[in-house]
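User: I would like to go through this model by asking what lies behind each label, so please set the values against the criteria as we proceed.

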Amino acid sequence: ALPILIMTTVSSRFIDFMNAHVAPVAKRMENQPHISAIRDGFIVVLPFLIVGSFIMILLIPPFDENTQNSFGQAWWSFAHWASDYGWRFFQMSFNAISLFTSASIAYNLAKAYKREPLPAAFLSVMTFLLVAAPVKDGAMDIKFFGGIGLFSAIFIAIYTVELTRLLEFLKIRIRLPKEVPNAVAESLNIVIPILAVLLTLYPFTLWIEHSTGSSIPQLIMDFMAPLIKVSDSLGAICLFVFATHLLWFLGINGSLVLMQLWTPFLLQNMAANLAAFQAGEPLPYIITNSFWDFYIVHGASGGVIALAFLLVRSKSAHLRSIGKIGLVPSFFSIGEPIVYGVPMVVNPLFFIPLIFAPMANAIIAYLLLDFNLIHRIYLMAPWTTPAPIGAYLVSAGDIWAPVLSVSLIILDIIIYYPFFKMYERICVEKEQSKDAETLEQERLMEERARSAAQ
């Protein structure tokens, strides 16, 4: 009891400090228009990446091309037949992510400012094409349509929306009679921002290309290269895991707040891995979106699927019911029933496992992929895919990937177990005390009933 009392006292002071100084900042970040627009913009384009990834799996079966397995041979025959059609779709989905992102972020940012979102999306796409897709000898260079153009797409989306806001603030717009329909007026009002882009960013783009010999997207990638390299380090993933789950402990969706800041780096890493794979080169990056989904937070943030397995066998009626409710959702990476039902939020006994279970997952998975013991990731699957299955798919059929995923879940069960048992004992004592109190109340009521009858 004394260690629990000490832990509770220290944690209480720590929680008070975090609620006073960290939680307000996190909530402001979550609601900041640019950050929320980037988050929502990526959510819109993720389905294109997922479908593109499955197309690649169909075109590159997880079997040796000379396999004697009849199913594998049939799959390869289909892949050869569908190759021309499938790669065309893949290029227009997976390898056009920056073009889509430019439109979706501008759309969501305009909505956040209560502006017409569709013209904003079109303006952003036009500007992205001007800046990132120069035409030479009658052919458009689409190199930056893929993942390497993401940072340019984000910049252009924000630039065009903010430029439009500035023009409206300065009251620089086409003035039309009131009789003109609103839809027509809104469509014509985009003329001024188009001209503003042609007079500002486009000349700057041409000057950069002529003076440096490089495009703006290439210069942005050169500038971001050190950050991209750092984002793929063990230290970076450990820091991100800690910060994300610290917010979860405070009751704030840490993934929702922080992931949008890191998503451009993760998607760029995956795009670079894909380009290396297509070129027959070693995959350069370890950390991608799918690395996070299927190795670190399998069963939702905190790896709570491990706790779900413990809860369903708990001696506490409350914890057992939460386990039964939350076990199936946790298979599909939905952990809120367990996180808020136990509760794990601001619960001192779960502070350590909530943070250090995913931390252990990150370190072990990173090292195994770093030593090339398991195939690195260049594909994507829906984050709701059960972890072992998702790990197998995104690793292009590496049989050791689901083995690692299952092993990490077992490790998480071991990490959670002592803290679960301490909390279970507290819950059982409360339930027994409550049952004793209920029995005593029922006994008193029976005695009163007998006295009244006499």
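Analyst: In this predicted model, 47% of the 454 residues of the protein chain count as buried, and the secondary structure of the chain comes to 20 helices and 2 strands. Among contacts between residues at least 6 apart in sequence, 73% join residues at least 24 apart.

User: Why is Ser 104 called buried?

Analyst: Ser 104 has a relative accessible area of 8%, and buried means under 20%, so Ser 104 counts as buried. The residue is found in helix 5, residues 97-112, and, once residues up to four places away in sequence are set aside, Ser 104 touches Gly 41, Val 44 and Val 45.

User: How do you know whether Ile 364 is buried, exposed or partly exposed?

Analyst: The relative accessible area of Ile 364 is 32%; buried requires a value under 20% and exposed a value over 50%, so Ile 364 falls in between and is called partly exposed. Ile 364 has its place in helix 18 and touches Leu 404, Leu 408 and Leu 411, not counting residues up to four places away in sequence. The C-alpha atoms of Ile 364 and Tyr 295 are separated by 9.2 Å, although the two are 69 residues apart along the chain.

User: What makes Ile 415 a contact partner of residues elsewhere in the chain, and which residues are they?

Analyst: Contact means heavy atoms within 4.5 Å. Leaving aside neighbours within four places in sequence, Ile 415 is in contact with Pro 353, Phe 356, Ala 357 and Ala 360. Ile 415 lies in helix 20, residues 400-453, and its C-alpha atom is separated by 9.3 Å from that of Ala 360, which is 55 residues away along the chain.

User: Which residues have the most contacts inside the largest nonpolar core?

Analyst: That core has 80 residues, and those with the most contacts inside it are Ile 237, Phe 291, Tyr 295, Leu 307, Val 342, Met 344 and Tyr 416. Helix 18, residues 351-370, gives the most to this core, with 9 residues. A second, separate core of 32 residues includes Met 56, Trp 75, Val 161 and Leu 274. As for Val 342, if residues up to four places away in sequence are not counted, this residue touches Leu 307, Leu 311, His 318, Leu 319, Ile 322, Pro 337, Phe 350 and Tyr 423.

User: What makes the peptide bond between Val 342 and Pro 343 cis?

Analyst: Omega is about -10° for the bond that joins Val 342 and Pro 343, and this bond is cis. Most peptide bonds are trans. Pro 343 has its place in the loop between helix 17 and helix 18.

User: Why does the phi of Ser 333 deserve a mention?

Analyst: Most residues other than glycine have a negative phi. Ser 333, however, is not a glycine and has a positive phi of about 65°; its place is in the loop between helix 16 (317-331) and helix 17. Asn 372 also has a positive phi, near 60°, in a residue other than glycine, and lies in the loop between helix 18 and helix 19 (387-394).

User: How do you know how the span of helix 12 compares with the expected value?

Analyst: Helix 12, residues 234-249, has 16 residues and reaches 22 Å from its first C-alpha to its last, close to the 22 Å expected at 1.5 Å a residue. Buried residues in helix 12 include Ala 236, Ile 237, Phe 240, Val 241, Thr 244 and Trp 248. The helix is followed by Gly 251, whose phi is positive, near 90°.

User: What residues line the largest pocket, by class?

Analyst: The lining divides into 17 nonpolar, 8 polar and 3 charged residues, and the pocket holds about 770 Å³ of space. Of the 28 lining residues, the closest to the centre of the pocket are Ser 255, Leu 256, Met 259, Asp 293 and Trp 383. Helix 3 gives the most to the lining, with 6 residues, while helix 3 (33-59), helix 13 (254-278), helix 14 (289-296) and helix 17 (336-341) each supply at least two.

Key:
Residues are numbered from 1 along each chain as its sequence is written. This is a predicted model: local features need pLDDT of at least 70, side-chain atom pairs count only at pLDDT 80 or more; totals for chains, interfaces and linings use all residues. Side-chain values use heavy atoms; hydrogens and water are left out. A nonpolar core is a set of buried Ala, Val, Leu, Ile, Met, Phe, Trp, Tyr and Cys residues joined through side-chain atoms within 4.5 Å. Buried means under 20% relative accessible area, exposed over 50%, partly exposed in between (1.4 Å probe, protein chains only). Helices (H or I, at least four residues) and strands (E, at least two) are DSSP runs, numbered from the N terminus. On a 1 Å grid over the protein atoms alone, a cavity is a set of points where a 1.4 Å probe fits but cannot get out, and a pocket is an open set with protein on both sides within 12 Å along at least five of seven lines; lining residues have an atom within 4 Å of a point. Grid points are joined across faces, edges and corners, and a volume is the space filled by probe spheres set on the points. Ala, Val, Leu, Ile, Met, Phe, Trp, Tyr, Cys and Pro count as nonpolar, Asp, Glu, Lys and Arg as charged, and the others, Gly among them, as polar. The expected span of a helix is 1.5 Å times one less than its number of residues.
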